[in-house]
Amino acid sequence: MELIHNGTLVNEGLAQRGFLVINGGFIARVGAGDPSQELIDVCDTVTDVDGAYIIPGVIDDHVHMREPGLTRKATIATESRACVAGGITSFMDMPNVNPVTVTEQAWAHKMQRAAETSVANYSFYIGATNSNIDTLQSLDYSRIPGVKVFMGSSTGGMLVNDAAALKQIFAQIKTVVAVHCEDEDIISSNRKALVAERGDDLPVTLHTTIRSEEACYKSTQLAVRLARECGTRLHVLHISTARELELFSKKFPNITCEACVGHLWFSDEDYSRLGNRIKVNPSIKTTADRDALRKAVNQGVISVIATDHAPHLPAEKDGNCITAASGMPMAQFVLPVMMELAMQGVLSVETVVQRMCHAPARVFGIDRRGFLRPGYYADVAIVRRDTEPHTITDDQVLSLCGWTPLNGTTLHHTVTMTYVNGHRAWDNGTLSDELNARPIKFKRL
């Protein structure tokens, strides 16, 4: 048994001095205050975290591991290691790889690769197309987080643009339907107008003009309308505008949404400094949008905070507004970034844990993860407030892509340890070679 003590437990809305005991891969005990000497004596390992935060491992419902087919830029092995370094103990990977994950066979291949190489708990969405509804209806969703629907084109070319097929998916799929919402017609029209006016060598600052607020709003509005009509368990991914927030109401608990760390941290004012490093889909919007997202996280309008970890090679990020790849790696530094927002008073530490640990477990019906509770898997992150600030640099990056949009950012927190099913996958800067991850299990909705 291992005892972790002398830290601040952050769990289920409370932050208090406490301890926990890990036994056989599970949490055996959680307690407030200090452990008794008797408990200390019976534990094989006693870990004093010296005042650090003790939180549930982060569950990231939105990552792109790039395997299979895109392994020049990332693999399940490399990116799962970036995850545990960032306090992420479980991930849900997207289907826009090569070949796309739209069949049970393709999904099973990814599960096998994860079993062979992942250091973080794993699961994989199945992707929707205009024609695979029969496949989607035949699957066992106790091991699949949900169906991913691209209502706007992005990396991977999986656009669902047939109205009848979209309605069928919303009406007939009885699990989480996770949607990328951007209106393709608006995006195309915006792009054509800008190219006609200014030529095709457009600066990245115009990415938000092409992938505009209206493109996001119109698509999210359609998704929410279909979900209300059909009773769909809808989860709208990476909300990026203040206007979209108007569409969500507690009257419809079957409809939830996610914000990504990039949209909570950056704004369009950062394009001049970071350029293509922050080119993502949906685009980074205005400071007002960013602040509205932060407020919505605090109010619970936004249920989940994710990374949308999406590595590309540096050469693929070169180019202009149209040619540069969209996406950025975010997993490794996610908790230090969110703790920075907490230190600034933007969010509370309790809210960070609610949105990154508890809420994904609830939204997706995850079996025994996301909370510090006896009997739950021992997925735990230890986060230290540093005595001196530190600066993130590209040479610290574990992702195969080798860079981060946070290069040059000064932060005040460090993930010192990450436990995956009771095993230290990350220990003060050292990765474990032991594979102790498990497939995530989901309770049928």
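1. H12 (residues 334–343) packs on H13 at an angle of about 140°, with the axes 9 Å apart. The contact, meaning heavy atoms within 4.5 Å, is made by Val-334, Leu-335, Met-338, Met-339 and Ala-342 of H12 together with Val-349, Val-352 and Met-356 of H13.

2. This is a predicted model, in which local features need pLDDT of at least 70 and side-chain atom pairs count only at pLDDT 80 or more, while totals for chains, interfaces and linings use all residues. Residues are numbered from 1 along each chain as its sequence is written, and side-chain values use heavy atoms, with hydrogens and water left out.

3. H13 itself covers residues 349–364, and its 16 residues reach 22 Å from the first C-alpha to the last, close to the 22 Å expected at 1.5 Å a residue. A kink of about 40° lies at His-358, shortly before the proline Pro-360, and just after the helix Gly-365 takes a positive phi of about 65°.

4. H13 is largely enclosed by the rest of the structure, because 14 of its 16 residues are buried (under 20% relative accessible area, 1.4 Å probe, protein chains only).

5. A second pair, H5 (residues 163–172) and H8 (residues 213–230), packs at an angle of about 50° with axes 9 Å apart, and these two helices are therefore oblique to each other. Leu-166, Lys-167, Phe-170 and Ala-171 in H5 meet residues of H8 including Leu-222, Leu-226 and Cys-230.

Terms used. Helix = DSSP H or I, 4+ residues; strand = E, 2+ residues; numbered from the N terminus. Expected span 1.5 Å × (residues − 1). Bend = angle between axes of the 7 residues up to and from the residue. Buried < 20%, exposed > 50% of the residue type's maximum accessible area, 1.4 Å probe, protein only. Axes fitted to C-alpha atoms, helices over the stretch in contact; angles between N-to-C directions. Parallel < 35°, antiparallel > 145°, perpendicular 65-115°, else oblique.
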